[in-house]
Amino acid sequence: MTVFLGETGLPCSADTFFVMENGLKVIMVPQQGLPAVAVRLVVKAGSASETRPDEHGLAHLVEHMVFKGTPSRGAEEITFEVERFGGDLNAYTDVQETCYHTEIPSEGLEAALGILADFVFRPAFDPEEFALEKEVVLEELRQDADCPEVRLCEAFYEDCFGKGHPLAHPVLGSTDSVSAASLGSLKEFHRRHYRPDNTFLVIAGGFDPGRAARLAERFFGEFLNPGFPLVRPAAPAQPAGGPVVRVLRHPLAKMPMAVMGFRSPPVGDPWAPAVDLMVEILGSGISSRLNEVVSDRLGLAPEISCRASAYDGAGAFMIEFRTDPEKIVAAVGAVVGELLGLSASPPGADELARVKAMAAMGFLEDQEDAESLAESAVSFELAFGDFRLKDAYPGLRARTGAGDLARLAATIFVPEGLSIAVLLPEDAPVPDEAAVFDAARRLAGRPPGASASPAARPSFEETALACGARMVAAHDPALPLVEMRVSAFGGGFAEHGGREGLMALMADVWGRATGKRSAPELARTLEGRGSSLDGVSGRDTTGLVGTFLKDHWREGAGLLVEVLTDPAFGEEDFERARDEFLAEAREAEEDLEDRSYRLACREVFRDHPYAGDRRGTVKSLGSLTLDDAREAYRSLARPESLVFAVGGDLDPAEAADALNEALASWCPPSGGHAAELARETREAQEAQEAQNTQAEQETQDAQAEQETQDTQAAHDHLKPLPPYVVHVPQVPPELSGPVIVSEVAVGRQCRLTLAFLVPGDGHRDEAALDVLDAIFSGAAGGILFAELREKRPLAYDVSSTYIVGRGTGFFGFFIGCAPEKVAKAMDGLAGIVSGARDGPFTADRTDAAKTYLAGCAKIDRQTLYSRVSDAAILAHLGLGQDRNERYLEEIAAVGPDDVLRVAREYLSPSRAVLAAVGSPASIRAAERRFAAFVGWGNGGVKASGRPAWLGLSRWR
């Protein structure tokens with residue numbers, strides 16, 4: 001393939017850009033109708049710019065330090081000026097860039113641009129802050145050391161690109177390099193790389209381009225470039241030898257995992273569209289080759305996927321999988337076989353059509369919200385130097401043929417470019433490396449081988465379907481997409497008696513196959529139309545969700561109903577899904593934060609279903625059977641219990657007609673609301689039973705049985721149960737006193753969760769608790785971040801959360817810190833919680849939290865998926881489709897006294913649960929400080945006067 005992107009002749013995007021006199025490029029991607037705007041300020045300097053070992057980690061350290069203040073702004077003001085609108089301000093450092101990004105309601109654009117220009121180009125670089133921030137980064141390095149996946153990827157990149165290559169060293173640097181970093185070296189790195197001609201600005205979403213251009217000139221036009229030319233480091237040559245096999249062990253690994261990777265084309269290469277399609281063909285989607293063969297047919301890897309990374313001068317094509325120790329060699333051999341098959345047997349027309357349709361779907365989804373628009377522009381600007389080529393890219397993919405893919409496979413899938421990294425648990429047997437090499441060397445013998453203008457977001461309206469189900473629908477023509485969801489009350493709320501994960505597992509199996517189509521056939525049918533359809537299960541509902549291109553929504557609706565009414569629930573699909581869930585559960589056991597949260601939930605909710613892990617545990621999943629899944633399906637899939645939520649570019653009346661037609665044979669068509677239908681059905685059944693004699697009843701039973709055998713011989717296990725009944729568990733009672741729970745874990749970190757039982761959906765205090773959570777952990781990063789991470793680096797991760805459920809909820813605080821900092825971190829958290837109960841927050845602080853929540857609501861509801869999901873749960877809860885708007889009014893009415901009242905009522909030490917996961921010494925330290933907080937032993941922690949963070953002058 002010889003098509004170069006700069007020479008395609010394909011139409012480029014109509015989006016605008018201009019270059020300032022100082023060289024800074026401003027890219028504008030307007031999408032009228034969106035309520036939010038996303039801004040990305042990208043400095044083209046990352047870890048690959050660190051050319052010497054003593055520089056490793058400087059790019060990431062600079063990213064941290066610019067947030068610590070400027071000559072005119074303190075650290076808290078930097079984030080507050082964005083987050084007071086409900087926006088967010090964050091950054092990431094990658095191999096070749098550092099990106100500072102915000103998503104904010106459109107009215108906050110001026111504030112976002114002003115603060116970005118100030119803190120990125122004019123950081124104060126305070127020496128004391130530098131010493132504190134180095135400690136924070138060292139904590140992040142310790143956290144990475146406890147993550148098996150991070151260690152595996154580091155080993156793979158080192159072998160793939162060669163030791164000493166800029167792409168091989170970790171973005172965070174090393175403990176030695178970060179410890180040795182000086183403030184002078186940091187300033188010099190910033191001076192060399194943070195210059196307008198090495199930077200570009202992206203503005204995307206709902207904004208006026210003319211005003212945005214003037215604001216960009218105003219805030220960024222004053223910066224000058226240093227008096228020396230911009231020099232980018234040349235990419236060194238990659239190693240020539242291969243294959244390379246490395247085996248590692250990690251004490252926290254629960255299941256072996258492996259990365260097989262090949263050196264592949266660099267960023268901006270003309271083969272980039274073919275590489276994307278190769279990822280789709282091999283490892284994206286259920287019907288991809290590796291999933292169908294290695295995972296499903298051979299059962300060698302419950303999880304397998306592909307991805308590709310591209311950088312200046314080099315790239316990597318990676319295949320990642322988890323498997324049992326004794327299957328590693330066979331799995332590598334099977335993957336090699338599929339790679340050989342791709343060059344020997346290029347994909348046919350159907351397979352190419354499937355992956356191109358999926359790519360088209362992804363392209364449309366990248367235009368649905370401001371953040372996706374900005375990310376797309378950034379990725380194309382970095383890859384090709386011209387963001388406008390994002391609109392030409394789908395055409396290049398469409399022009400890529402089977403022969404191109406075969407030639408690409410023959411070029412990159414060669415043994416000399418292969419690196420294999422395997423990570424094992426401590427006690428797992430080591431695979432036969434000679435056999436792995438033999439499998440890899442087989443590679444040497446292979447033959448050569450446009451967007452509609454969106455209107456204001458419409459409201460959802462409810463109607464009754466003929467079968468007794470309800471439908472809520474809205475016509476939303478923003479993009480040629482249709483989202484359909486059908487759900488019933490279920491989820492974790494419906495799990496009892498140690499059956500954690502049942503609903504999620506059932507939903508996963510439910511969405512895999514039907515009586516007419518096997519899992520691969522269903523996947524091919526969907527992906528060939530650029531569609532997706534999956535079983536979903538959350539805290540309170542379980543169901544199916546489908547996303548379809550506008551031109552295929554009727555077929556999509558038919559497939560959704562087919563899966564709903566005629567699921568296969570095959571033994572192989574169930575076992576495969578359970579293996580995947582078990583692998584996920586074992587991986588979750590490695591996550592100390594998740595373990596701490598789960599411990600707290602079990603103690604806060606106790607006998608309530610919310611106490612369990614809705615994805616299941618190793619123990620609970622091991623006890624579940626296919627019959628359990630079938631019974632769970634029968635208990636939910638009743639017309640009178642279902643809500644269909646439909647949104648997108650279609651007429652709601654046509655959607656209702658299509659669903660009524662597709663559902664007509666599932667149950668007798670009948671009008672009326674779901675509850676009325678259920679009542680009428682029960683009354684008719686009772687009257688009929690009273691009239692029938694025993695003999696007549698037996699005859700009817702025999703006839704019904706015969707009809708079932710004739711029409712559903714393969715699916716008689718899915719006969720309906722009696723009408724659906726929602727079991728509503730009792731709300732957990734209040735604790736009689738504070739509780740400590742703990743688990744010992746290996747590693748160099750400690751995780752704490754301080755939790756309280758609070759009310760759930762619809763309670764009068766819901767809005768006030770939301771505002772309290774935003775004060776702790778919302779605008780400006782919240783009090784927790786300011787006090788425990790910024791002012792005193794006691795924790796590398798600290799936040800709060802408020803989770804509402806049916807009738808009950810959870811208010812929690814999370815801390816991740818080094819074991820030696822546990823006592824001080826716990827005391828700091830205790831002081832903050834006690835202070836929140838001692839006196840009202842200022843009106844300015846409360847107003848900032850409310851503005852933040854309103855902005856979050858705008859941002860969160862941009863995507864069609866989120867709006868349809870909201871519509872479904874609101875219909876189930878009976879809260880009305882205008883609930884979100886009414887709830888924002890309730891938020892606006894919350895005052896400082898309301899926040900103080902809920903803090904005093906619900907954050908009482910006598911109601912507290914502390915869950916600690918870490919070393920024995922760190923757990924003992926947490927227990928001692930918790931005892932002081934709740935008043936055990938030598939008295940409780942008392943706030944001495946009003947804490948400083950409640951009365952900062954800037955909040956007045």
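Predicted model: local features only at pLDDT ≥ 70, side-chain atom pairs only at ≥ 80, totals over all residues.
A polar contact is a pair of N or O atoms within 3.5 Å; within protein, one must be able to donate a hydrogen and the other to accept it. A polar atom of the Arg 470 side chain lies 3.1 Å from the backbone oxygen of Ala 875. Arg 470 belongs to strand β13, which spans residues 470-475. Its relative accessibility is 16%, so Arg 470 counts as buried, the cut-off being under 20%.

The chain as a whole comprises 956 residues, and 58% of them count as buried. Its secondary structure consists of 34 helices and 22 strands.

Strand β2 pairs with two strands, β1 and β6. Strand β2 covers residues 25-30 and is mostly covered, with 5 of its 6 residues buried. Strand β1, residues 16-19, runs antiparallel to β2, and 4 bridges join the two. Within this pairing, Val 19 stands opposite Lys 25 of β2. The hairpin formed by β1 and β2 has 5 residues between the strands. Gly 23 in this hairpin takes a positive phi near 100 degrees.

The pairing of β2 with β6 has the parallel sense. Strand β6 spans residues 199-205, and its pairing with β2 extends over 6 bridges. Here Val 26 has Leu 201 of β6 as its bridge partner.

The largest cavity holds about 150 Å³ of space. Its lining is made up of 16 residues, and those closest to the centre are Arg 539, Tyr 597, Arg 598, Tyr 610 and Arg 614. Three elements, α21 (592-605), β20 (797-804) and β21 (809-817), each give two or more residues to this lining. Helix α21 makes the largest contribution, with 4 residues. By class, the lining of the largest cavity has 8 nonpolar, 5 polar and 3 charged residues.

Definitions and conventions: Residues numbered from 1 in each chain as written. Heavy atoms only, no water. Buried < 20%, exposed > 50% of the residue type's maximum accessible area, 1.4 Å probe, protein only. Pairing = 2+ DSSP bridges. 1 Å grid on protein atoms, 1.4 Å probe; cavity = no way out; pocket = protein on both sides within 12 Å on 5 of 7 lines; lining within 4 Å. Points joined across faces, edges and corners; volume = space filled by probe spheres on them. Nonpolar A, V, L, I, M, F, W, Y, C, P; charged D, E, K, R; others polar.
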